[in-house]
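Visitor: I would like to learn how to read a few backbone and strand features. Please take them one at a time.

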Amino acid sequence: MPHTPGTGRAGENTRALSLPEAPVPAERPLRMPVYRATTYAFDTSQEFADVMSGAQGGYSYARIDSPTVDAFASAVAALEGAGLGEPVHGQSFSSGMGALSTVLMALTEAGAHVVAARSIYGNTYSLLDGLLRRFGVSTDFVDATDPDAVRAAVRPETRVVFTETLSNPTMTVSDLPVLAQIAHEAGASLVVDSTFASPAICRPMEFGADVVVHSATKYIGGHSDTTGGVAVAGPALIDRVRAARVDLGPCLAPDEAYMLHRGLETLPLRVARQSESAAAFAAALEDHPAVERVDHPSLPSHPQHALAGKLFDHGRCGGVVTVHPEGGRDAGMAFADRLRLSTIAPSLGGTHTLAGHVATTTHRTMNETELGAAGISPGAVRFSIGLEEPQDLVEDALQALDNG
Ligand SMILES: Cc1ncc(COP(=O)(O)O)c(C=O)c1O
């Protein structure tokens, strides 16, 4: 920050803090600038007061708002809201869980009730079932593919119906128009975690969702090198989400915002390729004698194959495929260990294909009965298909099955 030294020759430390500023180019830089400042300067105390109170727009402090971070949120809002006539706004977060916890706290209060899909990401489940319950927000987990079960769970205190567009790891497709109708009839908001789909496959607000959340760590970032989250909603709800974010503090860092914004440029290309490769991978493994079942909505055997055709663009069904080998837990882990091209690792949505045994990792807190209820076999292995040649991935998985 530049200072104007007082009279006389300033001392060395003052001079070190009064250096010339970087030029502001007249030409448009081809890439977005990264504003790392945590703090913004004002000409007058009145201007400072007006920005802090919200009487005047502007930047003051990076936990509240900062330009690079705002640019990322606005970019995701533009993609999610592309087909809508109304304005859609975004807020960025330091992680997907930062986004989910903030949104759920923003839309509930002690005594409020949430109806959530049973088959959701483990930390979202524990957030709802543990932390939020301690603060007086109760959740009923239901089979979200059964509209009667969702309707039966809704109560006058229900504030949120929560689901994932594509669920982890069974790739269950949520019937978003039906869930939106049930939520709205109850005066509740439909909150959708669309991490597995991304706006390159489905934009849930077009089907009635009120808030869309992403772990941007996954497909949006796309290279397994950046952690972040984002929430998108109409003006009234996003104001509540922003206020909660400012109080809770999970703000995205500017460098991470830059990386995630850059990821958006190749999102459709990557997701199209990953969806296509995942469909080929799923089809090649489905009939193998050592395989009990393969989950991917592109397969006609998938329970929501037809629904995916209605909700998803260009027949894309995402890059995650879950393979249920015969032989239980040990057989599943051994299958993953025999893979040579796919890497055993958590997370998804990156350029490299990753594989993980579900029951001992992402869903380790569920017992056999709960796993069974969620449709997860003890041996299930989840693949996040990357950008490698699909035939190489298929050959690798087939050798791992054949050699079991
Ligand atoms: C569907 C889904 N939502 C949210 C999250 C949490 O995201 P993050 O790890 O960025 O906090 C994950 C992480 O795996 C996820 O798979």
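**Reading the loops and strands**

Guide: Start with His314, which is found in the loop between α10 (305–311) and β9 (320–325). Helices (H or I, at least four residues) and strands (E, at least two) are DSSP runs, numbered from the N terminus. This is a predicted model, in which local features need pLDDT of at least 70 and side-chain atom pairs count only at pLDDT 80 or more, while totals for chains, interfaces and linings use all residues. Residues are numbered from 1 along each chain as its sequence is written, and side-chain values use heavy atoms, with hydrogens and water left out.

Visitor: What is the phi of His314?

Guide: Most residues other than glycine have a negative phi, and most peptide bonds are trans. The phi of His314 is near 50°, a positive value in a residue other than glycine.

Visitor: Is His314 buried or exposed?

Guide: Buried means under 20% relative accessible area, exposed over 50%, and partly exposed in between (1.4 Å probe, protein chains only). His314 has a relative accessible area of 68%, so it is exposed.

Visitor: What should I look at in the loop between β4 and α7?

Guide: Met171 has its place there, and its phi is near 60°, a positive value in a residue other than glycine. Met171 counts as buried because its relative accessibility is 0%. Pro169 lies in that loop too, and the peptide bond from Asn168 to Pro169 is cis, with omega near 5°.

Visitor: Which elements make a β-α-β unit with β4?

Guide: A crossover is right-handed if, with the strands pointing away from the viewer, the path from the first strand over the helix to the second runs clockwise. Here β4, helix α7 (residues 176–185) and β5 make a right-handed unit.

Visitor: How many bridges pair β4 with β5?

Guide: Two strands pair if DSSP finds at least two bridges between them. Strand β4 (residues 158–164) and β5 have 5 bridges, in the parallel sense; Val160 has Ser189 of β5 as its bridge partner. β5 also runs parallel to strand β6 (residues 211–215), joined by 3 bridges, and Asp193 is partnered with Val213 in β6.

Visitor: Which way do the residues of β5 point?

Guide: Ser189, Val191 and Asp193 point one way, Leu190 and Val192 the other way, and all are buried.

Visitor: Where is Thr351?

Guide: Thr351 sits in the loop between β10 (343–344) and β11 (354–357). Its relative accessibility is 18%, so Thr351 counts as buried.
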